[in-house]
Amino acid sequence: MDDTTQSKSTSLQAAKAEKQTHKKAALELEEEKCQIVIRPNEGEAVAIIEKTEGPLTQEVYQTPTHKHGVVISLQVLRKLFQLQSDESISFRALSQEMQQQETKLVDLLDEMDRADLGYSYFTEFGNDVVWRPNKR
């Protein structure tokens, strides 16, 4: 086998391996489950909790399920809605977007960080809970 033939063979094997990796990742995403819970928290705030489970969660967090969330004051949530380009956004619209998984919790956190809006964050790992209170 000359160098050109060997190079083509290696390229084909690499492409096939990459395709298999993409198929595996797609299947893992299909098997991944995500649940969003949005509920009032002490009347002045709202808690948004995202729970995932599946092979991707296992790979990323080394645990079969992962839960994290935020507690956002209603005042901060109103400011976030005001900053949206779509003036019609509301708590109900946000809730529907998140339930339909059009918006992920991480997307909401990114928006709030960009706008310098405060929130409290928590994450659960097995029996441990890490809490980061609002510092703004």
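Analyst: **Rings, helix and core**

Tryptophan 131 is partly exposed, at 48% relative accessible area. Here buried means under 20% relative accessible area, exposed over 50%, and partly exposed in between, with a 1.4 Å probe and protein chains only. The model is predicted: local features need pLDDT of at least 70, side-chain atom pairs count only at pLDDT 80 or more, and totals for chains, interfaces and linings use all residues. Residues are numbered from 1 along each chain as its sequence is written, and side-chain values use heavy atoms, with hydrogens and water left out.

The ring partner of tryptophan 131 is phenylalanine 122. Phenylalanine 122 is buried, at 11%. Their ring centres lie 6.4 Å apart and their planes meet at 20°, so the pair is stacked. Rings of Phe, Tyr and Trp (its six-membered ring) pair if their centres lie within 6.5 Å; planes under 30 degrees apart count as stacked, over 60 as edge-to-face, the rest as tilted. The whole structure holds 1 aromatic pair.

Now helix H5, residues 105-114. Helices (H or I, at least four residues) and strands (E, at least two) are DSSP runs, numbered from the N terminus. Leu105, Leu108, Leu109 and Met112 of H5 are buried. Down the axis of H5, the buried residues fall within an arc of 100°, so they line one face of the helix. That arc is taken over the directions from the helix axis to the C-beta atoms.

Most residues other than glycine have a negative phi. Aspartate 116 sits in the loop between H5 and strand E4 (120-125) and is exposed, at 54%.

Leu108 and Met112 are among the residues that touch the most other members of the 19-residue largest nonpolar core. Such a core is a set of buried Ala, Val, Leu, Ile, Met, Phe, Trp, Tyr and Cys residues joined through side-chain atoms within 4.5 Å. Elements giving two or more residues to this core include H5, helix H4 (91-99) and strand E2 (45-53). Isoleucine 72 touches Leu108 and Met112, and also Leu77, among others, leaving out residues up to four places away in sequence. Contact means heavy atoms within 4.5 Å.

Leucine 77 lies in helix H3 (residues 74-83) and is buried, at 3%.
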